[in-house]
Protein chains: 2
Amino acid sequence: MAVYTEVTDDALAAFLEGYDIGRMVAFRGIAEGVENSNYSLRTTEGDFILTLYERRVDPADLPWFLGLMEHLAAKSLPCPLPVRARDGANLNPLAGRIAAITTFLPGVWPRRPTVAHCGPLGAAMARMHLAGEDYAPTRANALGPQGWPPLLARCGDSGDAVRPGLTGEVRAALDATLAAWPGALPRGHIHADLFPDNVFFLDHAISGLIDFYFAATDLYAYDIAVCLNAWCFEPDFSFNITKSRALLRGYQAVRPLSAAETEALPVLCRGAAIRFLLTRLYDWINTPDDALVTRKDPLDYYWRLRFHLQAGSAADYGV
Amino acid sequence: MAVYTEVTDDALAAFLEGYDIGRMVAFRGIAEGVENSNYSLRTTEGDFILTLYERRVDPADLPWFLGLMEHLAAKSLPCPLPVRARDGANLNPLAGRIAAITTFLPGVWPRRPTVAHCGPLGAAMARMHLAGEDYAPTRANALGPQGWPPLLARCGDSGDAVRPGLTGEVRAALDATLAAWPGALPRGHIHADLFPDNVFFLDHAISGLIDFYFAATDLYAYDIAVCLNAWCFEPDFSFNITKSRALLRGYQAVRPLSAAETEALPVLCRGAAIRFLLTRLYDWINTPDDALVTRKDPLDYYWRLRFHLQAGSAADYGV
């Protein structure tokens, strides 16, 4: 469910008058996504996505996100291109929210990722990293390592209700992970949330990378670690090294990893698992029972974390 | 939220092989609707809607619904045309459900219905009634008058928790309404759920009537009564006679009402209000707190019922 804010047809028509993209032809809420309200919008000029930014997104960050998308799209990365209004603005008020129109990208996100998806994913991520190199503004990663201890603190002992002893286990893993965290790896703009539902495929090739609203300036290899968590585990939480190998090969064919980056993979993967475990745990205890969103099980990432904790080296990821 | 059943890209690709509508280009869940799972589907041949029928729909009814839509579309009514697979079937299994592909209709449903919407709505409804006259198969209206007493019984006294005394008030109104129910009015196929979110407008004209999954064979004037309830009350539940007059004029310009139909409007409106009050009440008490659907307030129709109970004649509806 991803329509939190209802847009009236009148408000939309008035909004569109500020743009040079023709008249409204169709307008439907999109069910995917959980952070913002998204609509599929067809005008006499083509197809677009209308996004209304909801409470989780800091309005001050929006120009950075949209600037990054514009920068990447200009370098032919298949990401949504923000459409500018007649006055040049790419962010405008609508229905009490800030809203943006972006181009529509074809393709379908893979509900069941296979090995065949992982190679193209790795290559596209590496191209994204390289294409972002000369986008000068930076954005600190609020959900990066510095953000995890306060997030754990805000969860209190509630993890123990989800699984006895969880809080202590996560705290120990977090302490060890932060102590081993690599500081000097190559940095740049990362997507930080490149899950399958944010990657479109068309005819076995990547046709879209979407949802840049967690993007930040952080370690490139951490972006890979997020993807290893998101794409390379089976439904029973077993790690699929064939997928991991394909993802890493795809990436390195475009941007080879340094020895230090490779070596850091296990700890980066632990960090990524902790990040999603913590945000899911926080949402789990803070989402009202009658909310319209499906709460995601934090334990999905506990089981991933357990794999990463026993992984001895990058060889366990197929490098 | 209207995606209850997740369709994998592989399953969809296999499903589409049975059809002659090209290859998949895009596929997104649609947030609107509450009964079935709907996806917007683009192929190399055009745009379509994929619907997976969920538990509320009796599979035995589906051929009737799709037959009616095909019949109406063939008469140029702007309703979705079911697309037949290569083998001629318009219903096929997908992801453990029965599914259908229909044509995509342009337009936007009016979030805030105005008088300007009501005339075209009435005219389109009348055209629909006339176009359906020679569709021979019939379907009893499970949510028609015969269905209301058992529905009230299944709600028990739970209405009293929503509003003290509600159960008794509704029972009295139901008894009186059924006693006065007109039996001999013109009958045919009615939509029975023609709410604003089932009617698309484009450039001030109706471009789509959708969601025929409550359609049945019943009194034509009852369909009007449903629309008077759905379109002609303001957010504060005051009745807007200007909208009602426009709706009835639009209807009668295409299909004039008999004197008996006109005279029956108040009692038909009471019945329609009771029908939606009861189904909402039933859903209210039977929807788990953690369900993905928004429960609709049954009292919205209590206030409408109160208006209809004091309406003395069709003149109160602007006839």
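How far apart are the mean positions of the positive and negative charges of chain A?

The mean positions of the 28 positive and 36 negative charges of chain A are separated by 4 Å. Lys and Arg count as positive and Asp and Glu as negative, with His and the chain ends not counted; each charge is placed at NZ of Lys, CZ of Arg, CG of Asp or CD of Glu.

This is a predicted model, in which local features need pLDDT of at least 70 and side-chain atom pairs count only at pLDDT 80 or more, while totals for chains, interfaces and linings use all residues. Residues are numbered from 1 along each chain as its sequence is written, chains are lettered from A and ligands numbered from 1 in the order in which they are written, and side-chain values use heavy atoms, with hydrogens and water left out.

## Overall form of chain A

Chain A contains ten helices and nine strands (DSSP runs numbered from the N terminus: helices are H or I with at least four residues, strands E with at least two). Its C-alpha atoms fill a box of roughly 60 × 45 × 35 Å along the principal axes. The radius of gyration of chain A is 20 Å, in agreement with the value near 20 Å for a compact globule of 319 residues; the radius is taken over C-alpha atoms, and the globule rule is 2.2 Å times the number of residues to the power 0.38.

Of the 319 residues in chain A, 59% are buried (buried is under 20% relative accessible area, exposed over 50%, partly exposed in between, with a 1.4 Å probe and protein chains only).

## Helix H1 of chain A

Helix H1 of chain A spans residues 9-16, and its buried residues are Asp9(A), Leu12(A), Phe15(A) and Leu16(A). They lie on the same side of H1(A), because they cover an arc of only 120 degrees around the axis (the arc is that of the directions from the helix axis to the C-beta atoms). Their cover includes strands S1, S2, S3, S4 and S5 of chain A, together with helix H3 (115-131) of chain B.

## Individual residues

Thr177(B), in helix H6 (residues 166-179) of chain B, is buried at 2% relative accessible area. Beyond its neighbours within four places in sequence, Thr177(B) is in contact with Val267(B), Arg270(B), Gly271(B) and Ile274(B) (contact means heavy atoms within 4.5 Å).

Ala95(A) is not a glycine, yet has a positive phi of about 50 degrees. This residue belongs to the loop between S4 and S5 of chain A and is partly exposed, at 37% relative accessibility. In chain B, Asp203(B) has a positive phi near 50 degrees; Asp203(B) sits in the loop between strands S7 (199-202) and S8 (205-209) and is exposed, at 51%.
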